[in-house]
Each structure stands twice: as C-alpha cells, then as structure tokens.
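Hi,

Here is the structure I said I would pass on.

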Amino acid sequence: MPPKKINLALQGGGAHGAFTWGALDCLLADARIEIAGLSGTSAGALNGAALKAGMIKGGREGARENLNWLWGQIGASQTEPLHQWLTPFGPAGVSNAIGASLPYLMGEAFSRLVSPYSYGPFYNNPLRAIVDQFDFASICADEGPALFINATRVRNGKLRVFRAEEVTTDAILASACLPTMFQAVEMFDSETGQTEAFWDGGYTGNPALFPLFDGTLPEDIVVININPLERAELPKTPQQIQNRLNEISFNSSLLREMRAIDFVQRLLEDGTLKPGRMSQVFTHMIADDALMNDLSIATKSVPNGYIIETLRDAGVKAAQAFLDQHFDDLNARSTLKLRDMFA
C-alpha cells in the first residue's frame, strides 16, 4: 500500500518546539506516512527547514539525524544524571523554578526596560550561528516536501510567507524574531519591492495554513500544537499573565484560519459550494495540553536540557497515539472537531 500523504503545520513556541521534534521523529519513522508539505513558524520554521534539508540529503533517517543535530545545538541533553536529579521535580517544578529564579526575573525585567537596539555593536542573535549551518541548497530544492516559512512584516502588520528560494537564514530568523528579545530582521522583500523589517510569524500565522491548500498538495493538514488552547487556572502572577497573553496571541491566527476552514467545509457539505471550487480539507491535531499546562513562558525562552528531552519524548508519544487512533482516518476524514474549538 502506498504511504498516506499529509501536510504538517508546525507551531512556534520557543524551546517548546522540542515537542514538535519528537512528533516529527515519530512520523518520519513510520514508512506509512509521507510528508508532502510543511508550514512552520518560529521554532516550527527551524524544525521544518531542518527536516527538509535532512530528507533531501539522506531520506527519512537523514531528516531525523538533522533534527537531532538541531536540538543538540539548542540545548538538548542526554546526560542521565541530570534527568535523575530533576525527575522528582517534574516538568512543572523545573519550569516554576526557572521562572522564579533571580537571573530569569532580572532578564525578564531588563527586556521590558531595555530595547534590543540598545546593545549597539554588541548585539547578536544567538540563533544565527545555528541557522547559518543549514544546507539551504537542500532547503530550497524543488524536490521533497514543499516548505513555507511565516513571518510578520512590521510596517503593515501583514503575514509574509517565504517559500522555495526565498527561504534564507534571514527568513528563518525573521520567523523566530520576538521583538522584545531580538532586533527586527531587515531584508529586501520581493513582494513590496523594498527593504522591510520582520518580526515573529506567530503574531499573524502560527502557522499559516492557507499555503497548504495548494491543489498539488494532499487534503490532510496535521497541526502540531505546542501552545495550549485552554488553561483552567486563572493567571495571577505577572509571569502567568504574560504567559497566557503569549499563548492567546499566538493561537488566535490559527483559530481564525480553522474557523474559515470549518465555514467552507459546511458550505461544501450542504451543497452551497460545488466541489472543485474550494478545497476539501481534512484537519487533525497532535498535542499534549496537559504537559503544556505544566510549563510556562520561562522554558520557552530558557532552553533546559531536561525540559527539552521531556518535550521530545512527549511529542513521540503523542504522535504515536495519534497514528494508533487515527491512521485509518487520514486521507478520508477530519479527526479535529473544529466547531468544538470555537464553542
């Protein structure tokens, strides 16, 4: 039986993108699945670019190895004593400890008082040294999964989707450019014909789904979600409030697109729209909201080896559970109840 083709929508969320790493590793290990398209924002952009570059050079195993390399650069740790020491505290305990630590609180306060532009010639984006090592000839290749990288154009607040040869170091850094931490990424924009500044794509598309509606791509979109849609507990501390604001902001664009998908699918179902005029889209989601509710904004911006490995393992588990439960649904029907998300 030929593999089932799917598209992947990869959310941004800083170091919590390690969950996506684990989910991708699981999907790549399953020969029944073929990844045809990737739309990524921020950490999702890094994951998507690493996957495609590795796949072009070494197939599925090459993609898995390249993702392992990427997260090793970001801060993944295989140190067993570290895991043994931190395990009793659990992800929530480690996340809370980082968020309450004096260095983190001082850094957070500093970022609210001092602009990234205040560093002058001493400014440096730490991700550039990692992204510069990517194989862009492979990333921009015509073969392999179609790759779309999302950023926000600062001047007009519109989403900019980079594709094919447009995907460069600057495009990926732009997709992951939080304005309180990094200076805007400035580069020539062929869409506007002028130099533009870009911020994180999460503000306008986290990730953008519409590039995956192309008729050459499959109907299934699997969202790998790393920003919890719901939190039962009312945020009260400054850190909790900022964290929830971040999550709501970065989920809003995704929810808007899903609402639009639901609307179109209803028009197709009741015959108002004829098939062929609009795309049939099957939506799915891989997530672990319980784990993400235990974590905070602190572990998004401060990579911790224990948390990264915990997230990776959770991503593998969540993706495998999705395949076990919904493999037969792929290419046949949606498994994500979109209307329940808006109730």
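Strands β1 (residues 4-10) and β7 (residues 220-224) run parallel and are joined by 4 bridges. Strands here count as a pair if DSSP finds at least two bridges between them, and the elements themselves are DSSP runs numbered from the N terminus: helices are H or I with at least four residues, strands are E with at least two. Within this pairing, Leu8 stands opposite Val222, and Ala9 has Val223 as its bridge partner.

Before you read on: this is a predicted model, where local features need pLDDT of at least 70 and side-chain atom pairs count only at pLDDT 80 or more, while totals for chains, interfaces and linings use all residues. Residues are numbered from 1 along each chain as its sequence is written, and side-chain values use heavy atoms, with hydrogens and water left out.

Back to β7. On its other pairing, β7 meets strand β8 (residues 282-286), also in the parallel sense, over 5 bridges, and Ile221 has Thr283 as its partner there. Is β7 covered or open? Mostly covered, with 5 of its 5 residues buried; buried means under 20% relative accessible area, exposed is over 50% and partly exposed is in between, using a 1.4 Å probe on protein chains only. Asp220, Val222 and Ile224 point one way, Ile221 and Val223 the other.

β1 is mostly covered too, with 6 of its 7 residues buried. It pairs with strand β2 (residues 33-41) in the parallel sense over 7 bridges, and in β2 the residue opposite Leu8 is Leu38. From β1 the chain passes through helix α1 (residues 18-29) to reach β2, a β-α-β crossover that is right-handed, meaning that with the strands pointing away from the viewer, the path from the first strand over the helix to the second runs clockwise.

Thr20 lies in α1 and counts as buried because its relative accessible area is 0%. Leaving aside neighbours within four places in sequence, Thr20 is in contact (heavy atoms within 4.5 Å) with Leu10, Asn47, Ile224 and Ile226. Ile35 is in β2 and is buried because its relative accessibility is 7%. With the neighbours within four places again left out, Ile35 touches Ile6, Leu8, Leu28, Leu51 and Pro145.

Then there is the second largest pocket, with a volume of about 500 Å³. A pocket is an open set of points on a 1 Å grid over the protein atoms alone, where a 1.4 Å probe fits, with protein on both sides within 12 Å along at least five of seven lines; lining residues have an atom within 4 Å of a point. The volume is the space filled by probe spheres set on the points, which are joined across faces, edges and corners. This pocket is lined by 24 residues, and Leu229, Met285, Asp289, Leu336 and Met341 lie nearest its centre. The elements giving two or more residues to the lining are α9 (238-269), β8, α12 (305-326) and α13 (338-342). By class, the lining has 13 nonpolar, 5 polar and 6 charged residues; Ala, Val, Leu, Ile, Met, Phe, Trp, Tyr, Cys and Pro count as nonpolar, Asp, Glu, Lys and Arg as charged, and the others, Gly among them, as polar.

For the overall picture, the protein has 13 helices and 8 strands, and 50% of its 343 residues are buried.

Cheers
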